[in-house]
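Subject: Structure handover

Hello,

Here is the structure for you to look at. My notes on what was found follow below it.

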Amino acid sequence: MTQTSAALGMCFPRTYPAALVTDVARRLDQGGADELWIIEDCFYTAGPSLVSAALTSTERLTVGLGIVPAVARTAAVTAMEFATLDALAPGRFLPGIGHGVQEWMGQMGVRPKSPLTALEEVTTAVTRLLAGENVSVEGKTVYLQDVKLDAPPAEAPPILLGVMGPKSMALAGRVGGGLVLSEPATPSYVRQSIEYAGSPEGFVVAVFSAFCVREDRKAAYEWTAPWLAARIDDNHPGLTALPFFDDMKKVYGDSGVEGLVGMPVDWWTEIGAVGTLDDAAAHIEALEAAGVHHIGLFPDPEVEHGLPQLDHVLELANR
């Protein structure tokens, strides 16, 4: 898989007030960034609504949706929403579907017996509906009887699967148009994920990258280290794919968060767009080399700390 230059933009965290999305989208659009990624998590803001607002308030910005849970809506409704969003701005919408957090699915009474089967059935049905097919399915999760969209997209966007495990990655390679990987989406994790997916031709890879730029590198590390510690505790696959994960875990075990702050610069550059502006640019280049097509820089979830990072996104986009 060859890669020249990835589209670069910013994520809109679930904790940001919905009313901010149009201003953020316009600033990115007018400032030269390529895209905005909307985060949908239960029970925060609704992704398709925010995507609609972002698309209709901009002229050239691509807007990604990462991700809608496969079973939170029926396959037909998901296809309707995707087709409508594409119609609002043809070629500027990137949809994502994932398992969703199973605890949340249980809270809503839609937790499937097999999340993998559910995701495969939903992705396949939505793909067929977006292609304009008349679809009848009687699956374990999806039931459709002579369903056909009135206005499918002229050219359907690839459906990116927001997944983590090897089996789900392989599923994405079989039935999806690509992957969307949550932060920390390290270059090592990207390469591993593409391999698990079977490296299919035309496969689209989008990632979310931890993002914190400061004039002083150490200040950025100090801000980000508690977040990194939590991801280490969770054994996030974006970190376990790192060749130095065991060494990093030992540093954390021996010296705690302060030990993470003092890690080598090249470790931090692999983990995220964290440090100086040049450090962030180096991380982006490493992601591009790993085969990434879309990069959403993920700012601090607190608006007062994260929103000022938008200026740095624009600086990086215009380099």
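Start with the lining of the largest pocket. Strand E3 (62-69), helix H4 (102-107), strand E8 (178-181), strand E9 (204-213) and helix H8 (217-233) each give at least two residues to that lining. Helices (H or I, at least four residues) and strands (E, at least two) are DSSP runs, numbered from the N terminus.

This is a predicted model, with residues numbered from 1 along each chain as its sequence is written. Local features need pLDDT of at least 70, side-chain atom pairs count only at pLDDT 80 or more, totals for chains, interfaces and linings use all residues, and side-chain values use heavy atoms, without hydrogens and water.

The largest pocket holds about 1100 Å³ of space. It is lined by 40 residues, and Ile39, Asp41, Ser182, Glu183 and Phe298 are the closest to its centre. The lining has 21 nonpolar, 11 polar and eight charged residues. (Ala, Val, Leu, Ile, Met, Phe, Trp, Tyr, Cys and Pro count as nonpolar, Asp, Glu, Lys and Arg as charged, and the others, Gly among them, as polar.)

On a 1 Å grid over the protein atoms alone, a pocket is an open set of points with protein on both sides within 12 Å along at least five of seven lines; a cavity is a set where a 1.4 Å probe fits but cannot get out; lining residues have an atom within 4 Å of a point. Points are joined across faces, edges and corners, and a volume is the space filled by probe spheres set on them.

One cavity of 30 Å³ or more turns up in the whole structure. Its lining is Ala70, Val71, His99, Gln102, Pro112, Pro115, Ala118 and Leu119. Helix H5 gives the most, three residues. Six of the lining residues are nonpolar, two are polar and none is charged.

Now the packing of H5. H5 (residues 115-130) and H6 (residues 166-175) pack at about 20 degrees, with axes 11 Å apart. Axes are lines fitted to C-alpha atoms, for helices over the stretch in contact, and angles run from 0 to 180 degrees between N-to-C directions. H5 and H6 are therefore roughly parallel (under 35 degrees; over 145 is roughly antiparallel, 65 to 115 roughly perpendicular, the rest oblique). Their contact (heavy atoms within 4.5 Å) has four nonpolar, four polar and three charged residues.

The axes of H3 (residues 75-88) and H5 come within 9 Å and cross at roughly 45 degrees. That makes H3 oblique to H5. Their contact has 10 nonpolar residues, one polar and no charged.

Best wishes
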